[in-house]
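Subject: Structure handover

Hello,

Here is the structure I promised you. Please open it and keep it beside this note while you read.

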Amino acid sequence: MVSQDEIGPAWLKPLLKANYFHTCTIHGDSNKSECNMYCLDCMGSNALCSYCLTNHKHHRLVQIRRSSYHNVVRVNEIQRYLDISCIQTYIINSAKIVFLNERPQPRPGKGVTNTCEICGRSLLDSFRFCSLGCKLNGIRRGDEELTFTLKAKTNEYWDDESSTPKKKKRRDEKVTFGFRHLNIEEGDGDTYKSEEAAMMIYSMSPDTPPIYNHNNSNRRKGIPHRAPF
């Protein structure tokens, strides 16, 4: 028996079953009262409109969209909270999206070699499911290779000796090359705390280009003389 933690977060099933794109019962007289936002922290049965969001500050929210009468969510929003590997993604209006629920396809097209393991939707060869819901059903079947749990971030970006990112550290090393006791701090803006820093900024400016003598360039050539026979 697969445990709830292995299946996915507690908000996943309510997200898939929530009612979207209806008029908000509280703000129905206002513009933009269509409910297309979902709060992952509150896990309600209904979506939220833009006016409801004032009561959900600092909550995790995702926006649900429509494509071919099906609910979708952008990949860059949902992948912060879920591992969406094995699910085919699509590009709609220049944005990569993933479908929420299954989309049965009774007659796959000719030449189709791969279909969704749950609903039979035609897929590219590198994918197993067409939606979040189909992957959820795949996990429920007991497939140990599937998970919605995000993997821990690797330490490649972070320095082993401190919490300073390696990229930032390399940037500082590059900036301070050739200067001693240089103290640079980064906040809302760069603050340089020594005269050497000011000298560094001055020295980093491009050199003055060489003076070009335009008089020589405008000098006309002399009249050519034919060589004697």
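The structure holds five salt bridges. Bear in mind that this is a predicted model.

Start with arginine 65 and glutamate 77. Their side chains meet in a salt bridge, at 3.4 Å from N to O. The pair ties together distant parts of the chain: arginine 65 sits in strand β2 and glutamate 77 in helix α3, twelve residues apart. How well covered are the two ends? Arginine 65 has 22% relative accessibility and counts as partly exposed. Glutamate 77 has 15%, so this residue counts as buried; the cut-off for buried is under 20%. Helix α3 covers residues 75-78. Beyond its neighbours within four places in sequence, glutamate 77 is in contact with Val62, Gln63 and Arg65.

Next comes a network. Which residues does it link through salt bridges? They are Glu117, Arg128, Arg141 and Asp143.

Two of the bridges in it involve glutamate 117. One is with arginine 128, where the closest N and O atoms are 2.7 Å apart. Both of these residues lie in the loop between β5 (95-99) and α4, eleven residues apart. The other is with arginine 141, at 2.9 Å from N to O. Here the partners are 24 residues apart: arginine 141 is in the loop between α4 and α5 (166-175), and glutamate 117 is in the loop between β5 and α4.

Is arginine 141 buried or exposed? Its relative accessible area is 52%, so arginine 141 is exposed; exposed means over 50%. Glutamate 117 has a relative accessible area of 35% and is partly exposed.

Now the nonpolar side. The largest nonpolar core has 38 residues. Leu15, Ile78 and Leu132 have the most contacts inside it. The elements that give two or more residues to this core are α2 (12-17), β1 (37-39), β2 (61-67), α3 and α4 (132-140). Which element gives the largest share? That is α4, with four residues.

Leucine 15 is worth a look on screen. Leaving out residues up to four places away in sequence, leucine 15 touches Tyr20, Tyr38, Val62, Ile64, Ile78 and Leu100.

One more residue in strand β2 is serine 67. Its relative accessible area is 11%, so serine 67 is buried. With residues up to four places away in sequence set aside, serine 67 touches Val72, Ile92 and Phe99.

Last, the whole chain:

- Seven helices and seven strands make up its secondary structure.
- From the N terminus on, the order is α-α-β-β-β-α-β-β-α-α-β-β-α-α.
- The chain has 229 residues, and 28% of them count as buried.
- Take the contacts between residues at least 6 apart in sequence: 42% of these join residues at least 24 apart.
- The accessible surface comes to about 17,100 Å², and carbon and sulfur atoms account for 50% of that.

If you have time for two views, take these. Show arginine 65 with glutamate 77, the bridge between strand β2 and helix α3. Then show the salt-bridge network of Glu117, Arg128, Arg141 and Asp143.

Best wishes

Key: Residues are numbered from 1 along each chain as its sequence is written. This is a predicted model: local features need pLDDT of at least 70, side-chain atom pairs count only at pLDDT 80 or more; totals for chains, interfaces and linings use all residues. Side-chain values use heavy atoms; hydrogens and water are left out. Contact means heavy atoms within 4.5 Å. Buried means under 20% relative accessible area, exposed over 50%, partly exposed in between (1.4 Å probe, protein chains only). Accessible areas come from the Shrake-Rupley method with a 1.4 Å probe; for residues, only the protein chains shown count as cover. A nonpolar core is a set of buried Ala, Val, Leu, Ile, Met, Phe, Trp, Tyr and Cys residues joined through side-chain atoms within 4.5 Å. A salt bridge is a side-chain nitrogen of Lys or Arg within 4 Å of a carboxyl oxygen of Asp or Glu.
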